[in-house]
Amino acid sequence: MNEKIKSFIARNQLLALSVIENDEVYSASCYYAFDEECINLIFKSQRESKHIQLALKCPKVGVIIAQDAKKIGLLQGVQIKALFKMASVSQEKLYYQKFPFAKLGEGEVFALEILWAKYTDNKLLLTKKLTFKKGE
């Protein structure tokens, strides 16, 4: 994965997760930690929540991480296709290092394995978007 993409993901902490089952679409916002070694986004949620229930049924999900700006020239963001799965023990530790207060709440820690990503950074005036595809 390109270092610019990694850096952007690592600097942020809020993602929008989109899940689908048949013709039902649902989105949720989640705080995340970035597992740079495995190229995974780690987040916590309750298994009973709608987005987790749908992701369990259809684990291919969409993710957006964006940095809002009033000037179009400052916009940054990444679109992601990911595979939803349970987090490993080391990923749980990584999540709780970033969000220690999350230990107080209920829920489980999950992972989103990044399969593909497209990064936009209007500050760089890139004519071509940076992309990542797992395995390439």
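E24 and K50 form a salt bridge, with their closest N and O atoms 2.8 Å apart. E24 sits in strand 2 (residues 24-35) and K50 in helix 2 (residues 50-57), so this pair ties together parts that are 26 residues apart in sequence. The model here is predicted. Side chains of opposite charge can pair when their charged atoms come close.

How exposed are the two partners? E24 is partly exposed, at a relative accessible area of 30%. K50 is also partly exposed, at 38%.

How many salt bridges does the structure hold? There are 7.

| Pair | Closest N to O distance |
|---|---|
| E24 and K50 | 2.8 Å |
| E108 and R47 | 2.9 Å |

Take E108 and R47, whose closest N and O atoms are 2.9 Å apart. This pair links distant parts of the chain. E108 belongs to strand 6 (residues 108-121). R47 lies in the loop between strand 3 (40-45) and helix 2. The two residues are 61 residues apart. E108 has a relative accessibility of 27% and counts as partly exposed. R47, at 29%, counts as partly exposed too.

E113 lies in strand 6 and K85 in strand 5 (residues 76-86), so the pair ties together parts that are 28 residues apart in sequence. Is E113 buried or exposed? E113 is buried, because its relative accessibility is 12% and the cut-off for buried is under 20%. K85 is partly exposed, with a relative accessibility of 30%.

Salt bridges can also join into a group. E3, K6 and E36 are linked in a network of them.

Now turn to the backbone. Which value does phi take at N22? Phi of N22 is near 55°, a positive value in a residue other than glycine. N22 is found in the loop between strand 1 (14-21) and strand 2. N22 counts as exposed, with a relative accessibility of 72%.

I39 also has a positive phi, near 55°, and is a residue other than glycine. I39 lies in the loop between strand 2 and strand 3. At 13% relative accessibility, I39 is buried, whereas N22 is exposed.

Technical notes: Residues are numbered from 1 along each chain as its sequence is written. This is a predicted model: local features need pLDDT of at least 70, side-chain atom pairs count only at pLDDT 80 or more; totals for chains, interfaces and linings use all residues. Side-chain values use heavy atoms; hydrogens and water are left out. A salt bridge is a side-chain nitrogen of Lys or Arg within 4 Å of a carboxyl oxygen of Asp or Glu. Helices (H or I, at least four residues) and strands (E, at least two) are DSSP runs, numbered from the N terminus. Buried means under 20% relative accessible area, exposed over 50%, partly exposed in between (1.4 Å probe, protein chains only).
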